[in-house]
Amino acid sequence: MTAVTSALIAAVFLACPAVATKEGPSPVPRPPGRSTRVLFGSCNRAQWSQPLWKHVLARSPDAWIWAGDNVYGDRTEGIDWSTGKIRAHPATEERLGRLYAAQLAHPGYAQLLRSNATILATWDDHDYGLNDGDRTFHLRRASQRRFLDFVREPALSARRLRDGVYASRILPGPPVPIGEGAPAQSAEAAGQRRQSTKRHAQRATRSGVLVVLLDNRFNKDPYDVGPGGDMLGEAQWRWLERTLRASRARAHLIVSGLQVLPFKRVGEGWGRFPASRARLLALLHRLRVPAPILISGDVHMAELHAARCAPEPREVAPADSAPAHWLRLWPSMRLARHRLPSRSSTVFEVTSSGMTHSWASNALPNLHAGPVADGLNAFLMHSGMAFMPWRYRQRADTGRAGSFGPGYFLGRNFGQVDFAWDAPGGPEARVSIVDEYGRAAMTRVWRLSDLDLTAHVLDGSGITGASKPFDGSGEDGKEFEWVCRPHGGGAVSPSDAEMVAGFALWLLCMGLFGIFLIISVLVAIAPASVTVSLARRIDTDM
């Protein structure tokens with residue numbers, strides 16, 4: 001009887017995991033009332049394990065956004081120590097086709113395609129076909145065709161005729177009244193304002209979410225052109241302004257493969273082309289875009305960033321000056337640390353990167369060394385985050401009572417934005433970073449009215465809010481420019497001294513950690529060596 005009972009119990013325990021795996025995670029509820037749910041992710045190797053799709057499906061999204069590096073078409077083979085650069089081999093059209101086919105055939109993603117979710121996508125360098133790729137990539141048009149086939153773009157779509165994969169899509173939502181002081185129709189120009197009841201009613205309500213997919217590869221200048229390089233190309237800039245002017249959406253998701261706000265001065269990002277970064281942020285403010293949220297990928301971790309933006313006096317470098325560093329070429333960066341104006345706008349950016357690999361999971365694509373290597377990589381990144389002067393990052397709720405984390409997450413992840421249209425106090429954007437176990441690693445909640453951008457003019461005594469867009473000049477003749485700084489104030493970009501000090505502290509920390517490891521190993525080995533020597537002495541004496 002005991003043997004039979006034990007066998008039955010063992011059978012039940014063996015069967016339970018199989019049943020749980022088959023059923024998958026429980027459905028994740030939406031916010032009460034009407035809502036729009038958008039999920040997004042980036043950095044996905046089609047040939048690797050993809051553990052996130054079951055959690056994506058459990059959330060039943062209205063839309064899924066690929067934020068870049070959707071497949072890895074190019075190949076890297078370590079570092080060329082003679083040049084200090086990564087050995088990169090560009091993608092071929094055939095390889096891109098195979099990888100896209102493999103991704104379409106993945107069971108989890110195939111199930112998402114069969115759902116009611118709208119699939120939206122832009123790309124970054126690895127699915128574009130070349131690491132850090134730009135407009136000089138010779139296979140960019142072939143890559144564009146493969147990409148648009150992957151996202152099932154119609155054959156006669158205008159997107160197939162463009163120089164780039166940029167596009168926009170409205171996600172429907174209920175009409176939402178805009179509160180007093182919120183931005184109205186951004187396309188109004190002087191002399192063309194109409195006060196009819198119909199126009200007033202149109203401006204009083206907006207609906208849905210406009211997803212704007214930027215292409216920061218096809219027309220991007222090479223980095224060696226310097227800080228004045230262009231990230232989008234003039235045709236895309238004109239399209240972007242027309243799209244934002246015509247928008248009637250209550251909220252906007254601006255999707256870029258590269259991070260926009262932070263100036264890390266390592267790797268890629270809009271900070272490499274500060275003129276393009278300033279132009280994008282100024283455009284959002286000049287048009288007073290309602291509730292814009294920047295979405296990005298690329299960095300193999302999740303981050304939350306925020307910037308405070310306001311018009312500041314324009315500083316022009318002397319014509320005969322010859323700055324020694326590119327940072328001094330951009331006037332906004334030469335402003336000293338100061339307090340931000342009391343009337344300023346806040347722009348938020350949510351980065352989700354690392355669907356199949358991140359800094360704490362499969363961090364080294366050519367060296368699957370398991371949890372030990374992942375742990376060391378995570379330690380190195382945590383240490384760097386602690387010492388480097390990257391001030392745009394926002395603290396985030398970790399899901400534990402009263403616990404706020406540092407605003408980044410190193411594990412595999414995807415992002416979630418729930419637009420809760422019927423939330424008490426007004427519509428909200430509820431942002432989450434979801435880990436590979438389906439848990440919210442970071443969360444933030446923003447009221448849409450707090451995300452709305454404001455316009456400013458100079459009234460002679462200071463910068464104040466106004467109903468008309470800021471055009472770059474004040475009443476006293478001074479010229480101004482939009483400047484977006486870290487949320488807590490300070491310089492737009494960290495100085496050379498701050499970067500050197502942060503890197504030196506990080507190296508010191510690594511050195512102390514190395515010494516600690518060596519001492520620990522010696523302490524662990526010492527008792528064993530003493531025991532062996534005593535045993536040998538006893539054998540000799542006998």
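In the hairpin that β16 and β17 form, four residues stand between the strands, and Gly-438 takes a positive phi near 85 degrees. The model is predicted, and the chain averages a pLDDT of 80, with 75% of the residues scoring at least 70.

**The hairpin strands**
- Strand β16 covers residues 428-435 and strand β17 covers residues 440-447, and the two pair in the antiparallel sense over seven bridges.
- Arg-430 has Val-445, a residue of β17, as its bridge partner.

**Cavities**
- The structure contains four cavities of 30 Å³ or more, and the largest cavity has a volume of about 120 Å³.
- Lining the largest cavity are 13 residues, among which Pro-262, Lys-264, Arg-265, Glu-268 and Gly-269 lie nearest its centre.
- Sorted by class, the lining of the largest cavity consists of five nonpolar, four polar and four charged residues.

**Confidence along the chain**
- Over residues 1-21 the pLDDT stays under 50, and the model has zero contacts beyond four places in sequence for this stretch.
- Residues 316-340 also have a pLDDT below 50, but this stretch has 48 contacts in the model beyond near neighbours in sequence.
- Where pLDDT is low, the predicted coordinates should not be read in detail.

Definitions and conventions
Residues numbered from 1 in each chain as written. Predicted model: local features only at pLDDT ≥ 70, side-chain atom pairs only at ≥ 80, totals over all residues. Heavy atoms only, no water. 1 Å grid on protein atoms, 1.4 Å probe; cavity = no way out; pocket = protein on both sides within 12 Å on 5 of 7 lines; lining within 4 Å. Points joined across faces, edges and corners; volume = space filled by probe spheres on them. Nonpolar A, V, L, I, M, F, W, Y, C, P; charged D, E, K, R; others polar. pLDDT = per-residue confidence, 0-100. Contact = heavy atoms within 4.5 Å. Pairing = 2+ DSSP bridges.
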